[in-house]
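Here is a short briefing on one structure.

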Amino acid sequence: MAKLYINEKNKKGHINAEIYGHFSEHLGRCIYEGLYVGEDSDIPNVNGMRKDVVDALKEMKIPVLRWPGGCFADEYHWKDGIGPKENRKKMINTHWGGVVEDNSFGTHEFFELCEQLGCKTYVNGNVGSGTVQEMSEWVEYITFGGVSPMSQMRKENGHEKPWTIDYFGVGNENWGCGGNMTPEYYANLYRRYQTYVRHYDDAAPIKKICCGANVADYSWTEGVLETCFKSPQPGEGFGPKGYMDGMSLHYYVYPGGWEVKGSATEFDGKTWYKTLAKAAYMEELVSRHGAIMDKYDPEKKIGMAVDEWGCWFDVEPGTNPGFLYQQNTMRDALVAGLTLNIFNKHCDRVKMACIAQMVNVLQSVILTEGPKMILTPTYFVFHMYKHHQDAELVDSYIEGNQMVGMEDEYQVPLLSESVSVDKEGYVNVTLSNLSLSEDAPVEMAFAQMNPAQVSAAILRQEMHAHNTFEEPENVKEEVFDAFEIKDGKICFTAPACSVISFRIK
């Protein structure tokens, strides 16, 4: 029997709600058809936003949304997406599918969507093909409430009051699709561009996100931070916090190589464990990049923003390869559960994360087809984990947690867990059983608490299980009551291939 020990009095850090963030790019059917259908659509909408999708995301308690990319961000020119829609420029989306982008979803629509969702905003600016002036004027257009050409333009386009930018990304993947830059070159551009991302409202300062590394490119992290922290005046030491509030990290899980990533729904047991082992690699990435950040920022004032993560498989047969549309199975759910537990346990450094992407692209929480909508297994994991948002991480560990897998190369822990205490005093426990075949008896013990109120939910099915538009409830969150309280401990069996959440008081 595995023993889960919880010291609910030993708080280890604050779990930012933004760790449970999402990413929406002008890619495939993420925004168009997924989030936005237009005001004249027969699909029920509020100001063009799909009502069913917005309602589901609100129920999941989405904390922050990143937009407009992704690779698209560094070819996006914001003035193309404002004003009367019939006058907006049309362009070819060269990164994703070669389709026409009509810019009917732009700045006003994004902030309308975030207002409907009740979430924070994360805007990604264009460094790769844009100018300092363009980025500066976008920030002014969005956030300045005084007299200026940009604020006047916003008012003429129908929005009198300024909006709030909570987070602003200065470029995206500038080591690759955002310009193929060296770390030193990008860092100097970052220092320049971020200067003009001005705080027009001291009560709502914009948190600036610097472009961090791709996977294990530790030299990028080192090179960018060294350059950003250098003082412009010799002998004066480091600049203030490297001119940043956060630094990004991107990592995708795919079991095959980059060219052949593997099917989202057809895989064997070996591929299951290989996928989960690659997901578990996130622990090393966060730790090693975090150690480099510690050199320059020992007080951990700069947050790590893992603003692109998730499973990346081959597209579904018969779909546009540039649309990155894939199904979502219990394998995705276990990747999500494992990854979110890692982020929780590293909440001293990880302050934001955005799964890629929200609807109809990569590891989506929602899929749509015309008027139909389904929730994916990943959706239910985020729904089950939502009580961790803005809670306090507490000490926990599992005694007797064995390794499982098919080969030494693809071994993963049988159980993955994280525990928090929220403002209402509830202890929130999320636990995943990564085994395909082995149920896991668990004894949950507390330092002082004698549990009196216990509720739990579970997501379980066989590894290939997924929801379709014909069978939308094949995989869903259910009440879990197969536990008993004995001598102040909670005893239960975590079924193979399952995610469980507890609320305890």
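The link between C71 and C177 is left-handed, with -90° about the S-S bond. The model is predicted. The S to S distance of the C71 to C177 disulfide is 2.2 Å. The disulfide count comes to one.

**The disulfide in context**

- C71 sits in the loop between β5 (64-67) and β6 (91-92), and C177 in the loop between β9 (167-170) and α5 (183-195), so the bond ties together parts that are 106 residues apart in sequence.
- C71 is buried because its relative accessibility is 11%, and the cut-off for buried is under 20%.
- C177 counts as partly exposed, because its relative accessibility of 30% falls between the 20% and 50% limits.

**Cysteines to check for bonding**

- A disulfide needs the two sulfur atoms within 2.5 Å.
- C210 is buried, at a relative accessible area of 1%.
- C311 takes part in no disulfide. Its nearest cysteine sulfur belongs to C497 and lies 13 Å away.
- Is C311 buried or exposed? C311 counts as buried, with 0% relative accessibility.

**The barrel**

- Eight strands form a closed barrel with parallel pairing. The order is β2-β5-β8-β9-β10-β11-β12-β13.
- From one strand to the next, the twist averages 30°.
- How many bridges join β12 and β13? Strand β12 (residues 303-311) and strand β13 (residues 350-356) pair in the parallel sense over four bridges.
- M304 has V350, in β13, as its bridge partner.

**Helices on the sheet**

- Helix α2 (residues 107-117) packs on the sheet and touches β5 and β8 (120-125). The direction of α2 makes about 155° with that of β8.
- Helix α9 (residues 330-345) also packs on the sheet, where it touches β12 and β13. The direction of α9 makes about 170° with that of β12.

Definitions and conventions: Residues numbered from 1 in each chain as written. Predicted model: local features only at pLDDT ≥ 70, side-chain atom pairs only at ≥ 80, totals over all residues. Heavy atoms only, no water. Helix = DSSP H or I, 4+ residues; strand = E, 2+ residues; numbered from the N terminus. Buried < 20%, exposed > 50% of the residue type's maximum accessible area, 1.4 Å probe, protein only. Pairing = 2+ DSSP bridges. Axes fitted to C-alpha atoms, helices over the stretch in contact; angles between N-to-C directions. Contact = heavy atoms within 4.5 Å.
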